[in-house]
Amino acid sequence: MLVISLLVVVLDNTVLNVAMRTIADPQKGLGATQSQLEWAINSYTLVFAGLLFTAGILADRLGRRITLTVGLALFGIASLVSAYSGSPDQLIWARALMGLGAAAVMPSTLSIIANVFDPRERGRAIGVWAGAVGLGVAIGPIVGGLLLEHFWWGSVFLINVPIVIVGLILVNTLIPESRDPKPGRIDVVGVLLSIVGLTLLTYGVIEGGDHGFGKIEAWGALAGAVVVLAAFVVYERRIEFPSLDVRLFSNSKFSASTGMIGLVFFAAMGIMFISAFYLQLVRGYGPLASGALFVPFAAAQMVFAPRSAAMVKRFGPKAVSTTGLLLVAIGLASWMFISETTPIWIVGALFFLMGVGMANVMPPATEAIMSSLPREKAGVGSAVSNTIRQVGGALGVAALGAVIASVYRDHVADATAALPPAARDGARESISGGYAVASHLAGPAQQALIHNVNDAFITAMHSAAIGSAIFAVLGAVVAVVWLPGKRPAGAPAPSTAESLAEEQGAELVTVGE
């Protein structure tokens, strides 16, 4: 049941990756620009990330089952609104509403796992939970591609509705209610500061990529983000019931695990965003065929994520996580050698390699985070884990999208210099704009522009691949330095309280349940 609830959240982003070219098309879609497409992804992600802390606290306070129920219902309604959006701006706002529903769903599923399964089973359960992400990645592009082949672009959001209906029925049939017996107050100021800070940060990165970081819109937003996020940290340290207890980061295992999640999602989600344009424009694959090429990534997670707990038990979290992050880095770095004529099976193999790597990073990192907190605070722990993942992914899309936009614009400038001003601006805005301009040309002029647009995009993609691989390597360094190694044979697993006591030098007090 928890897998079904998680699927509806994961399906949404994977389907959108396949549908981006269609949504960018002025005739078949909404005529969205690249920056609007980035915001269609990030409006969802930022609301999702900004409200996860509050959703985790509400789940602990009001009950995890009721929070999951409300989140699923809201997500289904927002999916309907997204499907019938009449403009890119309406889609962006509808996606933000979907993020509100997802914020209630995601932490509830993970915190229910923490309360339903005992510590001996929890690692395996979280592995299955993480494997469900792979299942969603596999189903989403295929179903989305089939819908786009036969129906209008909005149909890709309607697939959420039947899943939500099934989920609502099963949640209230199978899931036991649970809550924190001593919940804290809701931190309204902290939530607002986090949303404003993350929005300014993402806006600054996207604006800088579109128009240059020398303009006040870009650097002013980034400077404002630093100020607001710094105020958020200071405020959270001083109040009794913070939305994010920043003191948790004094636990090195907790900090390392959240850092790894943020870095690997920063690296991987940016490339996933870029690869959709490569497959559908440069290589000319339709939505269904390009969706099928994401299946190796998903299959790897489905196969290896549930087995990660056994790998951690045998080799230790440090070795497993480091190996996983290095596999992701190798897969990302290999995109530097992808060209317009690379055999497509190589692209599929790189997705598979990245999937294997992430399958051996997410479960042990998530388990480390959840085991650092007592069970009654599972909602907060889940919120931190998922917030870092969403923020990392949003910044990855924004930052690597900015790299793509900047490098593409520089390399296509000479090839578009002779075009009329309106066509020149459109071709320089993005590869989608370049193809739209080329569709109005004929003969050699059309082929020449498409060749130059493809060449500029691939050059930009190589630059983004370098940046993403560096962040994955940084995640591996974090794992090597701060994650614990293999526990000696026969040594008992430390309890949550003992782990915290070891980190903080505190006196351990055992309390019977």
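Accessible areas here come from the Shrake-Rupley method with a 1.4 Å probe, and for residues only the protein chains shown count as cover. This is a predicted model, in which local features need pLDDT of at least 70, side-chain atom pairs count only at pLDDT 80 or more, and totals for chains, interfaces and linings use all residues. Residues are numbered from 1 along each chain as its sequence is written, and side-chain values use heavy atoms, with hydrogens and water left out.

**View 1. The protein chain has 21 helices and zero strands.** Helices (H or I, at least four residues) and strands (E, at least two) are DSSP runs, numbered from the N terminus. The protein chain exposes about 20400 Å², of which carbon and sulfur atoms supply 67%. Of its 513 residues, 55% are buried (under 20% relative accessible area, 1.4 Å probe, protein chains only).

**View 2. Helix H10 (residues 252-282) packs with helix H20 (residues 443-482).** The angle is about 165 degrees and the axes are 9 Å apart; axes are lines fitted to C-alpha atoms over the stretch in contact, and angles run from 0 to 180 degrees between N-to-C directions. H10 is therefore roughly antiparallel to H20 (angle over 145 degrees).

**View 3. Phenylalanine 351 lies in helix H15 (residues 344-359).** Phenylalanine 351 counts as buried because its relative accessibility is 0%. Leaving aside residues up to four places away in sequence, phenylalanine 351 touches Met272, Ser275, Leu279, Leu293, Phe294, Pro296, Phe297 and Trp335 (contact: heavy atoms within 4.5 Å). From C-alpha to C-alpha, phenylalanine 351 and alanine 300 are 8.7 Å apart in space and 51 residues apart in sequence.

Note on methods
Parallel < 35°, antiparallel > 145°, perpendicular 65-115°, else oblique. Buried < 20%, exposed > 50% of the residue type's maximum accessible area, 1.4 Å probe, protein only.
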